[in-house]
Structures are given as C-alpha cells and as structure tokens.
Amino acid sequence: GIRRAHRASLALTFNYVAFAMAVLAVTTSYWCEGTRKVVKPFCTGLVTVKQTYCNRFNSSNLNDTRLVQYIYETGEEKFLMRKFHTGIWFSCEQTVNLQGFNCRSFLEIAPDHERGVLWLCIVAECLYITLLFTGGALMVIEMCPCFNLINRLKLNAFAAVCTALSGLLGMVAHMMFTTAFQLAVSMGPEDWRPKTWDYSWSYFLAWGSFATCMGSAVTALNRYTKTIIEFKFKRRSIEKKLRIKQKILELEVPEDLWYITSSQEQPDQHTVFYVNGIETSYFSHNRGGEYHL
C-alpha cells in the first residue's frame, strides 16, 4: 500500500517535471545558437567616436552621397560577428547596432523541400506535450479514493501507455528538428547561414524532458506489473489453501486440528505436516509462523 503510493507519487512527479520542461523548451528559441560573420555597414550621421559595429567614411561631408566611400580597416576588422539563436518557431539575430534581436519564422529559413520535416517536428512536439499531459491527468485521477483497485490498475496502465508513447514522439520530434536545422545551415539562405553554432539550453531541456518522461513511464509500468504479480501470487496462495482445506475435509479431520504451527521464522518457507498419518505440504509467506487452513 505505502510503497505503491510512493511509486504513484514518484511517477506523477516525473510527469509534472517532464511536462514543465517540454513546454519551456518548445516555447523558447534557444535550441541552437551561434554567430554570423557579416560585413560592417557604413556609419551614418555624425560620427564623433569610433563605432565598432560600422565603418566610417573618409569624407568630412557625411551628407554627400556622391563621394566614394573608402574603408581603411582591413582584415577581420571590417567584419562583424552577430549572435543568433533559433528555436522551432523563430530564429532571432542581433540588430545592426548589436542592441536587441530581430526575429523571423524558422519556416521561412528552412529549405523548401525540408519544410515538411519541420512541420512534422512541430506536430510531433505538440502531440508529445498533449499525451504527456494526458498521462499526468490519468495519474491524478487514479489517486482518487473513489475508484476501486481494479479501476486504478486500468487507469495506471493507460497512464503508462500514454506517457511512454509521448516519450517516443518527443524523441522523434527532437531528432527531426536536429535534421531540419542542419539542413538549413548547409542549404538555407545566404543572409542567415551561421559561421559557428552549437546546441543551447532549450535543446538540452527538451532531451531532459524526454528522459524524465520515460522515467515516469517506467515507474508507472513497474507499479502496474508489480501489482499484477502480487495479485497472481495471492490468488495462487488462496487456491492452495482451498485445496488443502478440501483435502482435509475429504479426510474428515475435526476442525480443532485445522490449526498448524511451525517453529521456522523464515518467510517463503515450505511446511510439511501430518494429518492422520498423511503427509501434507504447504508453501506460505506468513512471517508469524502460524498457518490457518
């Protein structure tokens, strides 16, 4: 009873944690982040100090657009490294003056022939969250005292199936996004392709949600199978008791001899006793050393 309640609470806790991490990962755009190498734009307006994000003119008349613009800076100094971060929904890049980010839909960046993969990723992520929530709701309903043990077992089985299925969908969705992003890096538009990139905290949060989700499914399934095994064992024990009782009734043994004691204190013991000179065996789990037929 207490151990089963602890397993139910543990499975529900894992489910809640996985759900929160999944929602946070899907709604943020930090699955991947990196830098883009772009040429610095020309500085506009009155420039009194050197600005690191733009190139200055060599003319004293900054309003004269007919003058040729020369760049005295050479090498890497004429390039700028802009940071970007990308998620399932949006890809954001630093602005020209490196203050804030401009975002656009990641569907616009993905190659045309790979947008189907990204749509499947989005659908799978939504189904992952939906099934995860359904599994958690079933676990909460299962803990309601208004249900008997059989109905609780059925709810527990459905919760374990929903949670395990959601975990598999989440794994497929994460792998689909990885494929879509890598294809966008190699085949995406020139004004977006990054110079350097790596996975960010939202991506690791998504995989952490998958691992916690599978932990919830395994805990719920373990609780279900353990309860079924206990039921089967108790049923076999009752059947053995009934067979022994029936055998004693056939031997017409008085009821005052139906009380047998054993000096052994070990559980799972094999007891041999004699009734009217006939050897009878009994396998018991009682720890008190007393057996009632």
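## Contacts of F106

Contact here means heavy atoms within 4.5 Å. In this predicted model, F106 is in contact, beyond its neighbours within four places in sequence, with T86, G87, I88, W89, F90, S91, L118, F177, F181, A184 and W192.

## Overall fold

The protein chain holds 5 helices and 9 strands. Their order along the sequence is α-β-β-β-β-α-α-α-β-α-β-β-β-β.

The chain has 293 residues, of which 37% count as buried. Among contacts with a separation of 6 or more, 65% are between residues 24 or more positions apart.

## Nonpolar cores

The largest nonpolar core has 22 residues, and the members that touch the most others are W31, I88, F106, L118, F177, F181 and W192. At least two residues of this core come from each of α1 (2-27), α2 (106-109), α3, α4 and α5 (201-250). Helix α4 gives the largest share, 5 residues.

A second core is separate and has 9 residues, including L12, M139, A160 and A220.

## Packing of α3 against α4

Helix α3 covers residues 115-142 and helix α4 covers residues 149-187. Their axes lie 7 Å apart, and the packing angle is about 160 degrees. Angles over 145 degrees count as roughly antiparallel, and α3 and α4 are therefore roughly antiparallel to each other. The crossing of α3 past α4 is left-handed. By class, 22 nonpolar, 8 polar and 3 charged residues make up the contact of α3 with α4.

E142 belongs to helix α3. Its relative accessible area is 3%; the limit for a buried residue is under 20%, so E142 is buried. Leaving aside neighbours within four places in sequence, E142 is in contact with R152, L155, N156 and R223.

N15 sits in helix α1 and counts as buried, with 1% relative accessibility. The C-alpha atoms of N15 and T134 are separated by 10.0 Å, while the two residues are 119 residues apart along the chain.

W201 is placed in helix α5. At 40% relative accessibility it counts as partly exposed. Apart from neighbours within four places in sequence, W201 is in contact with L24, T28 and Y30. W201 and W31 are 170 residues apart in sequence, and their C-alpha atoms are 6.4 Å apart in space.

## R82 in strand β2

R82 lies in strand β2, which spans residues 79-86. The relative accessible area of R82 is 14%, and the residue is buried. Not counting residues up to four places away in sequence, R82 touches G34, T35, R36, V38, E93, Q94, T95, V96 and L98.

Notes
Residues are numbered from 1 along each chain as its sequence is written. This is a predicted model: local features need pLDDT of at least 70, side-chain atom pairs count only at pLDDT 80 or more; totals for chains, interfaces and linings use all residues. Side-chain values use heavy atoms; hydrogens and water are left out. Axes are lines fitted to C-alpha atoms, for helices over the stretch in contact, and angles run from 0 to 180 degrees between N-to-C directions. Helices (H or I, at least four residues) and strands (E, at least two) are DSSP runs, numbered from the N terminus. Angles under 35 degrees count as roughly parallel, over 145 as roughly antiparallel, 65 to 115 as roughly perpendicular and the rest as oblique. A crossing is left-handed if the near helix is turned anticlockwise from the far one by less than a right angle, and right-handed if clockwise. Ala, Val, Leu, Ile, Met, Phe, Trp, Tyr, Cys and Pro count as nonpolar, Asp, Glu, Lys and Arg as charged, and the others, Gly among them, as polar. Buried means under 20% relative accessible area, exposed over 50%, partly exposed in between (1.4 Å probe, protein chains only). A nonpolar core is a set of buried Ala, Val, Leu, Ile, Met, Phe, Trp, Tyr and Cys residues joined through side-chain atoms within 4.5 Å.
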